[in-house]
Amino acid sequence: MAYDEGLAERIRQYLHTDAGVTEKRMFGGIAFLYQGNMAVGVTGGELMVRVGPDAAHAAIARPGARVFDMTGRPMRGWVVVAGSAVTEDEALGAWIDEGRAFAASLPPK
């Protein structure tokens, strides 16, 4: 499955000054890792965000968000956000910041 390169580019631009961020193809899309831990990514036209198990319930209550489930087994602590919910830079930035903050809380890989 192809991913939305425009959304990926917006993420790159947002994170471009952060030396701790790398990119990796994952989940049929592209992932952005912070110190080796996935923070956010793009699959299809949607944003994947690793928010952590403690923040997942609140995250799925936000507009356009749902549990990340690609295989029939929901991934604990992850959400998928509809592309239509991150058309504004402020909304996208808030999700990126949340994903990066959770990744930063983990030991570097």
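G45 is located in the loop that connects β3 (37–43) with β4 (46–50). Helices (H or I, at least four residues) and strands (E, at least two) are DSSP runs, numbered from the N terminus. The model is a predicted one, in which local features need pLDDT of at least 70, side-chain atom pairs count only at pLDDT 80 or more, and totals for chains, interfaces and linings use all residues. Residues are numbered from 1 along each chain as its sequence is written, and side-chain values use heavy atoms, with hydrogens and water left out.

G45 has a relative accessible area of 37% and is therefore partly exposed; buried means under 20%, exposed over 50%, and partly exposed in between (1.4 Å probe, protein chains only). Apart from its neighbours within four places in sequence, G45 is in contact (heavy atoms within 4.5 Å) with D4, L7 and G83. Between the C-alpha atoms of G45 and G99, which are 54 residues apart along the chain, the separation is 18 Å.

The protein contains three helices and six strands. Read from the N terminus, their order is α-β-β-β-β-α-β-β-α. Of the contacts between residues at least 6 apart in sequence, 53% join residues at least 24 apart.

The radius of gyration, taken over C-alpha atoms, is compared with a globule rule of 2.2 Å times the number of residues to the power 0.38. For 109 residues a compact globule would have a value near 13 Å, and the protein, with 12 Å, agrees with this. The C-alpha trace spans about 30 × 30 × 25 Å along the principal axes. Of the 109 residues, 40% are buried.

One aromatic pair is counted under the rule that rings of Phe, Tyr and Trp (its six-membered ring) pair if their centres lie within 6.5 Å, with planes under 30 degrees apart counted as stacked, over 60 as edge-to-face and the rest as tilted. The ring centres of F68 and W78 are 5.8 Å apart and the planes stand at 40 degrees, so this pair is tilted. Because F68 lies in the loop between β5 (65–67) and β6 (78–81) and W78 in strand β6, the pair ties together parts that are 10 residues apart in sequence. F68 and W78 are both buried.

The accessible surface, computed by the Shrake-Rupley method with a 1.4 Å probe, comes to about 5900 Å², and 55% of this belongs to carbon and sulfur atoms.
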